[in-house]
Amino acid sequence: MEPTTFMLLLVALLFAILACGVWIAVALATLGFVALVASLPLPPGAILATAMWQQLNSWDLTALPMFILMGDILFRTKLSEDMFEGLTPWLARLPGRLLHVNVVGCTIFAAVSGSSAATCATIGRISLGELKKRGYSDVMAIGTLAGSGTIGLMIPPSIILIVYATATEQSVARLFIAGVIPGLMLTALFMGYVIVWALLNRHRMPPPEPVMPLRQRISKLRRLAPVVLLIVGVIGSIYAGFASATEAAAVGVFLALAISWRAGTLNLPTFRAALISATKTSCMIAFILAGAAFLTTSMGFTGIPRMLAEWIGSFGLSQAMLLLALTVFFIVMGCFLDGISLVVLTTSIIMPLVTAAGIDLIWFGIFIVLVVEMAQITPPVGFNLYVLQSLTGRDIFRLGLYTAPFFALMCLAALLLALFPDIALWLPRTMLE
Amino acid sequence: MRRALDLLYAAGLWLSALCILVIASLVGLQVVARIWDAILQALDLPRSGFVVLSLAEISGYLFAAASFLALAGTLKSGAHIRVTMLVNALPQRVRALIEAAALAFGALAAGFGTWAIGGYALESWRFGEVSPGLVQVPLVWPQAAMAAGAALLTIAFLDELTITVRTGRPSFRAAEDAVALGREG
Amino acid sequence: QSWDMPTPYPDATFHTVNIAQFADEVREATGGALDITVHSAGSLIKHPEIKRTVRSGVVPIGEVLISLHANENPIYGLDSVPFLATSYEDARRLYEAQRPALEEALSEEGLTLLFSVPWPPQGIYAGQEIDSIEALRGLRFRTYNPGTARIAELSGATPVQVEVADLPTAFATGRVEATITSPSTGVNSKFWDFVSHYHDTQAWLPRNMVVVNTAAFEALEPGVRAALLEAAAAAEARGWEMSQADTEAATKTLADNGIAIVVPSEGLSTGFQEIGAQIADEWAASAGEAGTAVLEAYRAN
Ligand code: NA
Ligand code: NA
């Protein structure tokens with residue numbers, strides 16, 4: 001069968017299973033099973049077990065339940081309310097007001113978390129309820145969260161940059177530094193969008209808070225102390241050499257416990273509730289990761305992603321056209337495969353093309369991360385959407401609509417990055433050479 | 001029967017939570033040791049050099065075990081996500097039928113997973129596979145935990161299937177709908 | 001016939017380059033009858049699972065670092081016993097002495113050894129010069145397997161565990177102060193971004209091996225099987241040369257990028273020799289009679 005026909009059939013099957021209300025993890029694994037059995041005489045059971053085991057027994061992934069647990073403990077304190085109370089008077093004149101908390105919160109959290117789903121889950125747990133309570137638009141609250149959650153992949157530390165560095169033998173340090181400005185550019189773009197949206201949609205914003213005198217505003221800053229302590233503690237533990245980026249997540253749990261204890265909300269029932277809730281959320285994500293891992297490994301065996309990448313290579317495209325083709329390839333495939341796996345599966349084919357076209361590999365790493373970020377928010381396979389569905393109960397397809405403007409902004413960011421490569425390359429050049 | 005099953009799911013969930021707590025504690029211990037060493041060093045005393053051996057490997061195994069042990073409990077509380085948009089738009093009769101089919105399919109898939117992962121664990125046991133690091137962890141332990149979790153999930157799917165056949169809706173539909181109304185936050 | 005071949009290291013690593021050429025040669029020699037697709041960098045199967053995946057026949061062929069499985073059978077750990085074989089000639093002799101026992105261990109798992117190629121000799125990277133064993137005392141030394149852990153223990157260094165990907169941050173923040181690995185790894189991960197000294201201790205030459213599932217191997221047509229073996233022999237010879245060339249090139253690249261290449265001092269060498277002798281004896285004790293015989297065969301040569 002033609003690979004493209006085969007892919008289309010698989011996609012149709014995926015939509016059909018999903019429509020019947022089959023769990024997403026089960027649907028992805030089923031797709032892996034069908035892809036394998038239909039094309040190769042290999043034992044699907046052994047491959048399923050190998051794929052799920054090698055995916056889940058992972059040190060990097062342990063940061064996920066830690067961050068989720070941290071968020072769940074904080075959710076049961078007054079931390080979010082305090083934070084929003086402290087920030088409200090300062091943001092009163094900025095169009096979009098507290099919606100910026102999602103964007104800025106995710107950007108700050110990105111400096112701790114290397115994963116997009118963890119960023120989304122933690123910040124969402126803290127902010128979504130408060131924003132809703134204060135009358136902000138759900139569409140914007142969810143959209144900003146889904147979009148800015150992906151910044152976790154761009155600003156160091158970043159799991160995908162490590163994966164890319166290892167596969168292409170680039171320096172992790174350089175890639176990390178290269179990700180900083182593009183990450184901040186995304187933050188700026190998202191905040192800009194929030195401002196424009198708020199100006200155009202005044203009727204959908206909650207009524208303005210009264211403007212407070214400066215002294216009162218400053219005294220309200222005290223309520224930000226726990227948040228500041230948490231951020232400084234977690235980031236500080238990395239830079240002081242007390243914890244690796246993965247270990248910092250556990251530091252977050254202990255700091256959250258300390259905050260909760262200080263606030264008097266820590267007792268056995270709340271701790272138990274937080275722990276069980278975090279266990280379930282982490283299990284939900286891990287289950288989908290396991291299903292997606294089986295699909296990815298099956299795809300590796302069928303060779304379809306490689307074939308498609310080779311097909312793109314066969315045209316001998318110019319630099320700009322190659323980038324465009326690869327972007328489209330990653331966006332389309334990113335709807336159905338998890339972005340990081342996609343990079344892993346196709347590096348061997350794509351890197352020679354990219355090198356031959358004279359593209360800088362550090363720059364391309366940042367570009368790839370941006371494209372993978374887009375894959376995080378496109379249904380039906382997009383991990384930020386899964387996290388948000390579990391937080392808000394909205395369907396991933398509707399969430400995909402909410403996040404569409406942010407997807408467009410990321411496309412704009414990719415264009416800017418292509419037009420001005422120095423957005424990524426200036427900082428590493430200045431710092432390391 | 002009902003109580004026995006619920007106890008089983010709860011046991012899986014709590015074992016999973018325990019794994020997560022153990023990861024947090026091991027990492028916490030390591031971080032505290034580093035802080036302690038920094039204090040010793042600042043006082044010009046020799047560092048303790050305490051390390052939690054094979055922390056990364058053991059934590060990875062605990063995470064794999066934790067992820068699967070909680071599967072059944074997570075299903076029963078309606079926290080595994082799926083697309084219910086279309087199912088919800090259907091008349092109750094058809095909806096019950098499709099729900100039952102989805103659950104039966106889930107049981108089939110989870111049963112296959114149990115068999116596959118169980119076989120994988122068995123092979124690790126037969127060949128005495130151990131982790132490559134300093135602490136030699138027999139790989140059959142975390143893998144058997146995963147197989148047990150998958151088996152629990154199979155039971156939970158079958159459990160919900162019988163409930164749906166009897167009552168027309170899975171028991172977690174209420175929880176799923178509560179989330180869907182955005183009540184939880 | 002088409003074979004999927006998982007390998008652990010990235011495309012630019014000389015091991016992978018060698019294997020890609022091996023696959024090409026097999027394809028050519030068999031007129032396309034055996035078509036090997038190389039899945040590098042753990043993209044299909046991750047490193048720890050490669051051996052068992054070949055064993056179970058899910059993939060017919062694969063590459064692994066032999067000492068990754070040292071915990072399963074001591075014979076898999078012989079090439080990473082420190083300061084036992086410290087030059088290419090020694091490593092070659094050690095391989096010859098080890099080969100029968102290695103093949104036997106593999107055959108118990110239903111695996112056949114095709115060829116084995118060493119990494120460049122292992123040296124110590126640090127932020128300062130280390131001129132004696134005493135200088136290692138209390139130093140945060142990265143350990144990642146029982147062998148490196150034992151070096152740390154016997155030299156009084158503080159063992160720390162750091163993932164490869166975490167090394168830059170760990171060095172920058174002081175969680176690790178010294179690590180032992182090859183010049184190639186130092187170049188691939190651009191170690192000059194965070195360390196200043198490379199001590200050319202030539203501690204040991206760890207080897208990768210390419211193994212094939214015996215059943216799949218025996219199911220091949222005799223002609224194809226012969227072609228596979230011939231390409232394997234060629235790849236082994238080529239791999240050893242590439243490894244030596246890579247040692248020189250990588251050491252030069254390190255120097256060009258400002259890392260001080262340190263020839264180990266007399267004191268450091270003697271100290272390591274003593275440590276090495278002890279670890280070798282411990283290895284022989286753990287490996288039983290067969291292991292002792294291998295070690296004696298190597299030392300007698
Ligand atoms: Na990050
Ligand atoms: Na997607």
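Figure 1. Ser54(B) counts as buried because its relative accessibility is 4% (buried means under 20% relative accessible area, exposed over 50% and partly exposed in between, with a 1.4 Å probe and protein chains only). In this predicted model, local features need pLDDT of at least 70 and side-chain atom pairs count only at pLDDT 80 or more, whereas totals for chains, interfaces and linings use all residues; side-chain values use heavy atoms, with hydrogens and water left out. Residues are numbered from 1 along each chain as its sequence is written, chains are lettered from A and ligands numbered from 1 in the order in which they are written. Ser54(B) belongs to the loop between helix H1 (2-42) and helix H2 (55-69) of chain B; helices (H or I, at least four residues) and strands (E, at least two) are DSSP runs, numbered from the N terminus. Neighbours within four places in sequence left aside, the contacts of Ser54(B) are Gly133(B), Leu134(B), Val135(B) and Gln161(C), a contact being heavy atoms within 4.5 Å.

Figure 2. Donors are N, O and S atoms within 2.8 Å of the metal (3.2 Å for Na, K and Ca), and sites may look incomplete because water is not among the atoms. Ala110(A) is in helix H6 (residues 99-110) of chain A and Pro157(A) in the loop between helix H9 (151-154) and helix H10 (159-168), so the pair ties together parts 47 residues apart in sequence. Ala110(A) is buried, at a relative accessible area of 0%, and Pro157(A) is buried at 14%. Pro156(A) and Pro157(A) are joined by a cis peptide bond with omega of about -5°.

**Figure 3. Site of the sodium ion (ligand 2) in chain A.** The protein donors of this ion are Gly334(A) (O), Ala375(A) (O), Thr378(A) (O), Thr378(A) (OG1) and Val381(A) (O), which lie 2.2 to 2.5 Å from it. Their spacing along the chain is G-x40-A-x2-T-x2-V. Ala375(A) and Thr378(A) are both buried. The peptide bond from Pro379(A) to Pro380(A) is cis, with omega near 0°, and Pro380(A) lies in the loop between helix H19 (361-376) and helix H20 (383-392) of chain A. Most peptide bonds are trans.

Figure 4. Over all chains, the structure holds 24 aromatic pairs; rings of Phe, Tyr and Trp (its six-membered ring) pair if their centres lie within 6.5 Å, with planes under 30 degrees apart counted as stacked, over 60 as edge-to-face and the rest as tilted. Trp23(A) and Phe172(B) have ring centres 6.1 Å apart and planes at 75°, so this pair is edge-to-face. Trp23(A) lies in the loop between helix H1 (3-19) and helix H2 (24-39) of chain A and Phe172(B) in the loop between helix H6 (140-167) and helix H7 (173-180) of chain B, so the pair joins two chains. Both Trp23(A) and Phe172(B) are buried. The pair of Tyr95(C) and Trp240(C) is stacked, because its ring centres are 6.1 Å apart and its planes at 15°. This pair links distant parts of the chain, with Tyr95(C) in helix H3 (residues 88-108) and Trp240(C) in helix H8 (residues 222-256) of chain C, 145 residues apart. Tyr95(C) is buried at a relative accessible area of 3%, and Trp240(C) counts as buried at 4%. One aromatic cluster is formed by Tyr125(C), Phe171(C), Phe191(C), Phe194(C) and Tyr198(C).

**Figure 5. Arginines over aromatic rings.** The charged end of Arg92(C) sits over the ring of Trp240(C), 4.2 Å from its centre. Arg55(C) lies over the face of Phe127(B), 3.7 Å from the ring centre. A charge sits over a ring if NZ of Lys or CZ of Arg is within 6 Å of the ring centre and within 35 degrees of the ring normal.

**Figure 6. Residues with positive phi.** Most residues other than glycine have a negative phi. Asp44(B) has a positive phi, near 65°, and lies in the loop between H1 and H2 of chain B. Asp44(B) is exposed, with a relative accessible area of 72%. Phe83(C) has a positive phi near 60° and is placed in the loop between strand S3 (61-65) and H3 of chain C. At 10% relative accessibility, Phe83(C) is counted as buried.
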